[in-house]
Amino acid sequence: HFGLRLFSSKLGPLSYRLSRRAPSLFSSVMAAVMAARDIEVAAPEQLQEPPTLSDKSSEADGESQQLDVEAEAQLPPQRLILVVMVCMIQGYTLIGPLQHSFKVQMKIGDTGDVAHVFTQAAALVQWGKFAMTLGQNVLLACLCPMQRVFLAMVGMMLGCLIPPFFVYALGSTWLGWVFISFGLIGLSLGIFECTFLNVITPLGPLTKSYAIMGFPAAFAIINVLGMSIVSCGVPVHALFWYIVVCLPIGISLFATHFVPQLGGGGGKGHASATAQVNKQAVVWNSLKSCSAWLPQLVPFMLANIVGHFVMEGALPANFNTFNDRQAPLLSRDDGPLMTTSQFFVVFFVFVGLGDMLSRRVGYCFRLDTYTSNLVALAAGIAMSVFGMLLTRIGVGVAAWASAFFAFSGQGFNYAVSAKYIDRFVPREHNLAAYSFWMFAGSAGAIAGSTMVDVLRGWICHGESYPHLCMAGHHR
């Protein structure tokens, strides 16, 4: 209670100041969205079907892109992009421990028909990603990528608002809220991830290396820091509200700080140049020219399938496996115990360390050849598979190690793939390449998220233990 009073005392003056600035922030966001109409990064009508090129002109285009890539590599990192990504990706953290808290508040257990329906509803996050990574290129063809980014941010905010408002505040247990919330989050994430990475490409690889760290940073903030605060007595619905409040902050920061640099601030100087460099072909033209980029992308897509399957399947099964008030660390039946809330705080420390460090390491390797990229992918896949196999042991220490290795593999391959797409895929097909790569990853995530219950049985061997694999909630 003291923590809540302190939070309220600090929030009151801050809310007053934000309300005084709200009209100007709203005007800035709307100006950025309207200005995005003029950005040339993806206006489909400006790009006609590319003519047949001679070998000489193709080589010249390749040399021109290489010069662009080298110039972008010299740009300084803009670390504020991490804040924008964190504000957005925190909504994605609802698939983690907050998903279990959401289920508990809905009065749903870990087993039974209703629990299975909840699991399938939560899988809409992955189905939405799966549908919109490619579907946005058709359904949202009337919007340029910059406008799609803003649309995704608003959709994420609405999806994240449902649990704290309708379920926690109003006390509703209508199962439909689960479908609507996770559906909006998934659709928004599918639109946002590949489009945002494409839009910020002209800011250089150093800036993008900070952007992709937004994923593990967001999960660390919610699942480590946030859950630690909850373990001290702060109600869990405070985390849901925190996520909702952060989204308009991220929208405002992106609109006022980054959009002008990307061509939305008047079309002059560097902003105009970055827009020209990042012109995107419509998806149909990218498919017609797919022989220039898609076959080489297949190994990266396969690696993304494996990484997402492990990340969204085997590891989340731990939430429903360690479901007693205490978690066993060295044995299924006996041995040292730790409170489950503290256990998962440590669990997500390993998740964050593995994912964040590996994404930075991935950008440290030069990977100048296709073969070196394949070797890097193989190393990442090996780490992911090893992490999944460790999960089967079913004790706390092994679960921590499995989290570290599994997320290290996925994070490393994420960085390797993003770096490859920006460097070697023809720039006009950058958005299409990100869309196909993430489409494949979403397929793996769907397979994993729909098999959480099966994987729980794989860990539990069909049995119940004193502090493990309980039939219902005991926390």
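**Close-up views of a predicted model**

**View A. Arginine side chains over tyrosine rings.** Arginine 359 is placed over the face of tyrosine 414, at 4.3 Å from the ring centre, and arginine 360 is placed over the face of tyrosine 210, at 5.2 Å from the ring centre. A charge is taken to sit over a ring if NZ of Lys or CZ of Arg is within 6 Å of the ring centre and within 35 degrees of the ring normal. The model is predicted, and local features need pLDDT of at least 70, side-chain atom pairs count only at pLDDT 80 or more, while totals for chains, interfaces and linings use all residues. Residues are numbered from 1 along each chain as its sequence is written, and side-chain values use heavy atoms, with hydrogens and water left out.

**View B. Aromatic pairs at tyrosine 420.** The structure holds 32 aromatic pairs, where rings of Phe, Tyr and Trp (its six-membered ring) pair if their centres lie within 6.5 Å, and planes under 30 degrees apart count as stacked, over 60 as edge-to-face and the rest as tilted. In one of these pairs, the ring centres of tyrosine 370 and tyrosine 420 are 6.1 Å apart and the planes stand at 55 degrees, so the pair is tilted. Because tyrosine 370 belongs to helix H17 (residues 370-391) and tyrosine 420 to helix H18 (residues 396-424), this pair ties together parts that are 50 residues apart in sequence; helices (H or I, at least four residues) and strands (E, at least two) are DSSP runs, numbered from the N terminus. Tyrosine 420 also pairs with phenylalanine 424, with ring centres 5.4 Å apart and planes at 35 degrees, so this pair is tilted. Tyrosine 420 and phenylalanine 424 both lie in helix H18, four residues apart, about one turn of the helix. Tyrosine 420 is buried at 6% relative accessibility, tyrosine 370 is partly exposed at 32%, and phenylalanine 424 is partly exposed with a relative accessible area of 35% (buried means under 20% relative accessible area, exposed over 50%, partly exposed in between, with a 1.4 Å probe and protein chains only).

**View C. An aromatic cluster.** Phe322, Phe343, Phe344, Phe347, Phe348, Phe350 and Trp400 together make up one aromatic cluster.

View D. Four salt bridges are present in the structure, each being a side-chain nitrogen of Lys or Arg within 4 Å of a carboxyl oxygen of Asp or Glu. In one of them, the side chains of aspartate 422 and lysine 208 meet at 2.8 Å, N to O. This pair links distant parts of the chain, with aspartate 422 in helix H18 and lysine 208 in helix H9 (residues 205-212), 214 residues apart. Both aspartate 422 and lysine 208 are buried.

View E. Arginine 366 forms a salt bridge with aspartate 368, with the closest N and O atoms 2.9 Å apart. Arginine 366 is exposed at 59% relative accessibility, whereas aspartate 368 is partly exposed, with a relative accessible area of 35%. Aspartate 368 also forms a salt bridge with arginine 423, where the closest N and O atoms are 2.9 Å apart.
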